[in-house]
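Me: Hi! Could you walk me through this model?

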Amino acid sequence: MNHLEPASQSRQQQIFTVTRLNSAVRMILEQDLGLVWLTGELSNLAMPSSGHWYFSLKDMSAQVRCAMFKGNNRRVSFRPQDGMQVLVQARVSLYEPRGDYQLIIESMQPAGDGMLALRFEELKRRLGAEGLFDEGRKRPLPREPRAVGLVTSATGAALHDMLTVLGRRAPDLPVFIYPTQVQGSAATAQIVSAIMLANRRAEVDVLIVGRGGGSLEDLWCFNEEAVARAIAGSAIPVVSAVGHEVDVTISDFAADLRAPTPSAAAELVAPDRSTRAQRLVHLRQRLTQAMSRHQVAARHGFVLLQKRLDHQDPKRRLEQQSQRLDELDRRLQQHLRDRLHQGERRLAGLAMRLQARSPEKLLAIGKRRHQLAEERLHALIAKRQDLARHRLAMLGARLDGISPLATLGRGYAIVRTPSGEVIRRASQVNAGQTLITTLAEGALRVRVDEVDNR
């Protein structure tokens, strides 16, 4: 029985309730798989009044139940319908009441745009993990650039907008244009080449890389890895100005600064004429103030040096050293006197302690203590003797009171048989029997003639 009990207890510990099992499976699915991307066809779409969406995703061979709660489906920019191909990001989970395996949808996109978005997120994650987007590597733009470079289309509206802003804000600022395609399959290589050309020539202090608005496919060349690496590797600070304010590209993350539009980028890199004039006035004021502070500091330093020179005068230093020497001599003499007084007080204390411990004094004290002890001993012995005599007298009196001899002296006698047995009753004796009678003085041997038992 003892060998079977542990096995039975082990089986007892492994028993699950259905609720506990479903909860454990749900936690395993959610923790181990996390967020997943998948594409499929919508079917059985239901949109109840609660605001949540329930549907199935299927392909040619399988399907899976899905739920998208209203907090997430509000961000969907299109109207989903049965049969539509979509790309979703979801958490794998389990609906515990029914034990159904399901997906909790976090985001949904049409399959075409969704694949591009998926590529965008993957590249953003990978380059971000390399540190390509770190704020620590981004450089500030030059406050007063010598020249500005524009990497954009030579025929686009973005170039016209940037030139207009630059001409208005800084008409004397040189502008170099590095023309390139900004859309299509050849655009990526041309943008990279234009950035590299600007770096080789080193004729500008800041680069604007951008174009006007468009669809996700139109802007896709600015989401290519080669363009991002060219921008991040540029020795010249780069401003990314792609599309409108709502458009975000990989180039925006790789650049030193993102501008919402090409016109805004031109305003960021070109200082305004009035601003420059105000800055020159401000710099002149700062220069004047700095010179004034420098003069005041120089005068103050001269006064300090003169005071130091006066302080370092040999005669004055000799006087100070002489006074210092007198002060040290006075302190030394006072210190010696204090030490001498301390020694005298200590010597007197030691003498008093030695006198208190003199052998003669100690011997006299010992003799006196011995004499007192001897007197106390004699008194104690006499007292003990008196007590002993008194006690002996009392014990003698008590002994005389109970002594048999005292009883015999009053005329009584002790009668015994020859064998020594004491006779207390007449019934112990027979007529003619010989008895021994002990008196106070002497003894009698008597014969019994008659016994009276009354």
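Reply: Happy to. One term to start with: contact means heavy atoms within 4.5 Å. This is a predicted model, where local features need pLDDT of at least 70, side-chain atom pairs count only at pLDDT 80 or more, and totals for chains, interfaces and linings use all residues. Residues are numbered from 1 along each chain as its sequence is written, and side-chain values use heavy atoms, with hydrogens and water left out.

Me: At what angle do H5 and H9 pack?

Reply: About 30°, with axes 8 Å apart; axes are lines fitted to C-alpha atoms, for helices over the stretch in contact, and angles run from 0 to 180 degrees between N-to-C directions. That makes H5 roughly parallel to H9, a label for angles under 35 degrees.

Me: Who makes the contact?

Reply: Among them are Met162, Val165 and Leu166 of H5 and Pro262, Ala266 and Val269 of H9.

Me: New topic: which strands pair with S2 in the sheet, say S3, and how many bridges join them?

Reply: S2 (residues 53–58) and S3 (residues 63–68) run antiparallel, joined by 6 bridges; strands pair if DSSP finds at least two bridges between them. Leu57 stands opposite Val64 in S3.

Methods:
Helices (H or I, at least four residues) and strands (E, at least two) are DSSP runs, numbered from the N terminus. Angles under 35 degrees count as roughly parallel, over 145 as roughly antiparallel, 65 to 115 as roughly perpendicular and the rest as oblique.
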